[in-house]
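Here is a short report on one protein model and its ligands. Please keep the sequence and the 3D view open while you read.

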Amino acid sequence: MQALILAGGKGTRLRPLTVHTPKPIVPICNRPFLLYQIEMLRRAGITDITLSLSYQPQKIEQLLGDGSAFGVKLRYTVEPQPMGTAGAFKFAEEMIREQTVVLNGDILTDLDLAAVIRQHNERKAVATIVLTPVENPSSYGLVETDADGRVLRFIEKPNIEEVSVNTINAGTYVLEPRVLDLIPAGENYSFEYGLFPDLLRREEPFYAHIPQDTYWLDIGTPARYWQANDDLLNDRVGRIKITERRGKFEASGAEIDARSIIADDCVIKAGAEIINSVLGQGCHVEEKARIENSVIWPHTRISAGAHVSGAIIGRGCHIGRFAQIGHGAVLGDKTSLTDYTQTGGDL
Ligand code: GDD
Ligand code: MG
């Protein structure tokens, strides 16, 4: 069994965070996101993993290397331009010889993959798609099934009036290599608009797996990126736990709550408060600054008296003294805000 992670999207909805950091490696609680997926694969005994890249591939390769540091064997394919989700699978054809688990590279989940593979094999399926319930299926791929779990309909990004059920494509598939023959080579082609509707037309054995008690989140918008961090901070991600919340950092006379995660080399000055937040490596938080419900990427400085609440702040930013950074602010790397800046809130 091998795996392919689709990690070539541009991450446009996560801009400006993804301008210099491709979405698959944005830090979630200070760890590059893909490491959560690699760990999930490893838990199911899958260590032969291909990363399918297109946008800023060298940054991902540089960080993860051959995978030996994480107990897996990583290989890479790099598309000259994005080939679409199924096109990316076809592009990796030479590496695919057997049943393959395909993952969207932006899903945080504690799914039991071994159970998915078992059910796929029992049913002799050609494709199995994992489902999850969500409140608003319109932003996802809606999947209808019959009582035996056979997929009846697949509608990508349905209009409100097409929404018939709340189960959607969770972005995890088990595929038999013979589906490769149904994907055209050398053109942009997707699972969602192309292969899945085609499998249904051909009446192939295409099944859904509906896991119980499983955490699931697509991290691809700022609100959901924050939610992933917040859920981990508050231990709401089922089988995935944060084991180490504190690196080696300096703090004297600061208040840091038990949930917050502080990386190495941070300096936190007297009277500062850190509440339910993540600080990346080498951040400076000066006197009486307050940070709550926020994620701060490495090497950012929050100056004295500044308040940051409900914000995501990129790498190497400078937040001036007494600035007020309000709910929903997302600042790109190297943003510099003057003293007394105000963002968000009502005027
Ligand atoms: N290699 C490669 N090439 N990867 C790609 C390409 C491509 O051309 N296009 C997208 N990807 C990767 C993205 O990096 C991401 O990890 C994954 O494929 C899915 O793309 P998104 O752009 O995040 O899609 P989405 O979230 O709107 O919808 C998809 O995911 C939903 C679940 O979160 C669909 O699969 C929906 O059906 C599904 O419900
Ligand atoms: Mg997505």
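The text below covers the annotated domain, the metal and ligand sites, selected strands and a helix, the cysteines, and some backbone details.

**Ground rules**

This is a predicted model: local features need pLDDT of at least 70, side-chain atom pairs count only at pLDDT 80 or more, and totals for chains, interfaces and linings use all residues. Residues are numbered from 1 along each chain as its sequence is written, chains are lettered from A and ligands numbered from 1 in the order in which they are written, and side-chain values use heavy atoms, with hydrogens and water left out.

**The annotated domain**

UniProt, in an unreviewed entry, lists residues 3-233 as "domain: Nucleotidyl transferase". UniProt positions are given in the numbering used here, feature names are shortened, and annotations may be inferred rather than shown by experiment. Over residues 3-233 the chain is 25% helix and 27% strand. The end C-alpha atoms of that stretch are 28 Å apart. Helices (H or I, at least four residues) and strands (E, at least two) are DSSP runs, numbered from the N terminus.

**The magnesium site**

Which residues supply the protein donors of the magnesium ion? They are Asp106 (OD) and Asp218 (OD), lying 2.1 to 2.3 Å from ligand 2. Asp106 lies in the loop between β6 (100-104) and β7 (107-109), and Asp218 in strand β13 (residues 216-218), so the pair ties together parts that are 112 residues apart in sequence. Donors are N, O and S atoms within 2.8 Å of the metal (3.2 Å for Na, K and Ca); water is not among the atoms, so sites may look incomplete. Both Asp106 and Asp218 are buried. Buried means under 20% relative accessible area, exposed over 50%, partly exposed in between (1.4 Å probe, protein chains only).

**Ligand 1**

Ligand 1 is surrounded by 27 residues. The closest are Glu79, Glu156, Asn169, Glu192 and Asp218. A residue counts as near if one of its heavy atoms lies within 4 Å of the molecule.

| Residue | Protein atom | Ligand 1 atom | Distance |
|---|---|---|---|
| Gly9 | polar backbone atom | oxygen | 2.8 Å |
| Ser52 | N or O atom in the side chain | nitrogen | 2.8 Å |
| Glu156 | polar side-chain atom | oxygen | 2.6 Å |

**Strand β8 and its partners**

Is β8 enclosed or open? Six of the seven residues of β8 (residues 127-133) are buried, so the strand is largely enclosed by the rest of the structure. Strand β11 (residues 167-175) runs antiparallel to β8, joined by six bridges. Pro133 stands opposite Thr167 there. Strand β12 (residues 206-209) pairs with β8 in the parallel sense over four bridges. Ala127 has Phe206 of β12 as its bridge partner. Two strands pair if DSSP finds at least two bridges between them.

**A second sheet**

An open sheet of six strands has the order β14-β17-β20-β23-β26-β29, with parallel pairing. Its edge strands are β14 (250-251) and β29 (336-337), each pairing on one side only. Two bridges join β14 to β17 (residues 267-268). Glu250 has Val267 as its bridge partner in β17.

**Helix α1**

Seven of the 10 residues of α1 (residues 34-43) are buried, so this helix is largely enclosed by the rest of the structure. Leu35 is one of them, at 10% relative accessibility. Gly45 follows α1 and has a positive phi, near 80°.

**Cysteines**

The structure holds zero disulfides (cysteine sulfur pairs within 2.5 Å). For Cys266, the nearest cysteine sulfur, that of Cys283, is 4.8 Å away. Cys266 is buried at 1% relative accessibility. The sulfur of Cys317 is 9.3 Å from that of Cys283, too far for a bond. Cys317 is buried at 3%.

**Backbone details**

A cis peptide bond joins Arg15 and Pro16, with omega about 5°. Asp213 is not a glycine, yet has a positive phi of about 45°. Asp213 is exposed, at 74% relative accessible area. Lys334 is not a glycine either, and its phi is positive at about 65°. Lys334 is exposed, at 69%.

Definitions and conventions:
Polar contact = N/O pair within 3.5 Å; in protein donor to acceptor, adjacent residues only side chain to side chain.
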